[in-house]
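Here is a short briefing on one protein chain.

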Amino acid sequence: MDSKQSLWTRNFFSICFSSFFIFITFYAMTATLPTFVTDELGGNQQQAGWVLTFYVIAAVIMRPFAGRLMDGPGRMKLLLIATALFMVCSFFYPMIAGFGILLVLRFIHGLSFGAATTANGTIVVEYIPANRRGEGMGYYTLAMNLAMVLGPFMGLLLIQNASFDLFFYVLMVLCVLGMILAVVVSRSRRDRADAKPAQAANEVKAAGQKPRFSWRSYIEPKAIPISFVAMFLSMAYASILSFVPSFAKEIGLESYSSYYFIVYAVMIVAVRPFTGKIFDRLHRNYIVYPTLLLYVIGLIVLATAHSGFMFLLSAAIIGLGFGSLSPCLQTIAIQMAPREKVGLATGTYFIFFDGGVGIGSAVLGSIAAATNNRVMYLCSMVSVLLGAIVYFWLMHRRPSHQAEAADAA
């Protein structure tokens, strides 16, 4: 019976595309705002870097609070409030005339991003059949992967051929679409999904107990091990997200840079239906170790690339590696936590993931400035190897979710 449950319901479709519009806005701004700071506001490269740093810091600060709220009865309200704030923030970018005001706006925008993405990542689980969790999360994160490709492409195309004003107006439209789809999801009124957390809260209230502050109220301990692994991998991912265009220019392959993320996305789309199903049927190690190896190989190919073919080949290999691995890690974080703590697990995972992106951007950027981009990508490879070691140490011998389900039965 359960095996016949449909994955592509209206709510699953809506939450995937709501997330897509949020992430395409994030990636488009990540690629273009540094140019906005230097060309429109008269800033320097160091100031341009703070535009992303403030955003990521705000998202990391918000995630534990959002994760806790997502395990309560008001998850749909949080989704709507966060998505609405994300949309409203997009309306103010055309009015920005100073760097300080931009940082304030980026911080507020980052708070809304942290809350909205935690909400989407938690609620989507409710619309995925339990025996198709890996497949469903794979498709959900595919929306983020596609946004990573289309966002920079769209943003750079608009600012190069039109203006920043038009770029910001397009982002407004995308944010409004994301808000509309969030409303579609909220109108389904998934009271069943909120029943257990609400019941537990009422029981505590009835017993006259006041909840005490505890870090466990904001972080899910069982999701920390795999989230720690994700942190090392996202540090290396920051080098792909931030420095591929400059590296292509450095090695005389600037004309290929616009195709890099397209190749990356094509490989993700090609293998995503298979990797999700394999993850659902076999032990997670059968996915994690091969994709980690591909990730390392892709970074080595990128660091040593001297031709357009090798440059784009690295995109294909990294797409097969990290592109396939990322949704699996998030799914593992969810599976490690009790069902009523899915929100905290999602928030915990993204705290470490976003933290890795922030650390990676700063550390690897400093390495690239002191040496060159080739050395920086080799250092990125070391970060992935450290992640593999941490995975073996913390996760290798743990039973699979299939075994845990069998024991429970």
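The points below are grouped by topic.

This is a predicted model. The mean pLDDT of the chain is 82. A nonpolar patch lies on the surface, and the structure holds zero disulfides.

**Confidence**
- Of the chain's residues, 87% reach a pLDDT of 70 or more.
- Residues 190–210 stay under 50 in pLDDT. The model gives this stretch 14 contacts beyond four places in sequence.
- Residues 405–409 are also below 50. Beyond near neighbours in sequence, residues 405–409 have zero contacts in the model.

**Nonpolar surface patch**
- The patch is formed by Val88, Phe91, Phe92, Met95, Val173, Val176, Leu177 and Ile180.
- Together these residues have about 660 Å² of accessible area.
- Helix H6 spans residues 164–186. Helix H6 supplies the largest share of the patch, four residues.
- Val88 sits in helix H3, which covers residues 75–90.
- Val88 counts as partly exposed because its relative accessibility is 34%, and that class lies between the 20% and 50% cut-offs.

**Cysteines**
- With zero disulfides in the structure, Cys89 is in none. The nearest cysteine sulfur to Cys89 belongs to Cys175, 9.0 Å away. The cut-off for a disulfide is 2.5 Å between sulfur atoms.
- Cys89 has 4% relative accessibility, so Cys89 counts as buried.
- Cys379 has 29% relative accessibility, so Cys379 counts as partly exposed.

Conventions
Residues numbered from 1 in each chain as written. Predicted model: local features only at pLDDT ≥ 70, side-chain atom pairs only at ≥ 80, totals over all residues. Heavy atoms only, no water. pLDDT = per-residue confidence, 0-100. Contact = heavy atoms within 4.5 Å. Patch = residues over 30% accessible without salt bridge, like charges linked within 9 Å, V, L, I, M, F, W, Y side chains within 5 Å. Areas by Shrake-Rupley, 256 points an atom, 1.4 Å probe, with all protein chains shown as cover. Salt bridge = Lys/Arg side-chain N within 4 Å of Asp/Glu carboxyl O. Helix = DSSP H or I, 4+ residues; strand = E, 2+ residues; numbered from the N terminus. Buried < 20%, exposed > 50% of the residue type's maximum accessible area, 1.4 Å probe, protein only.
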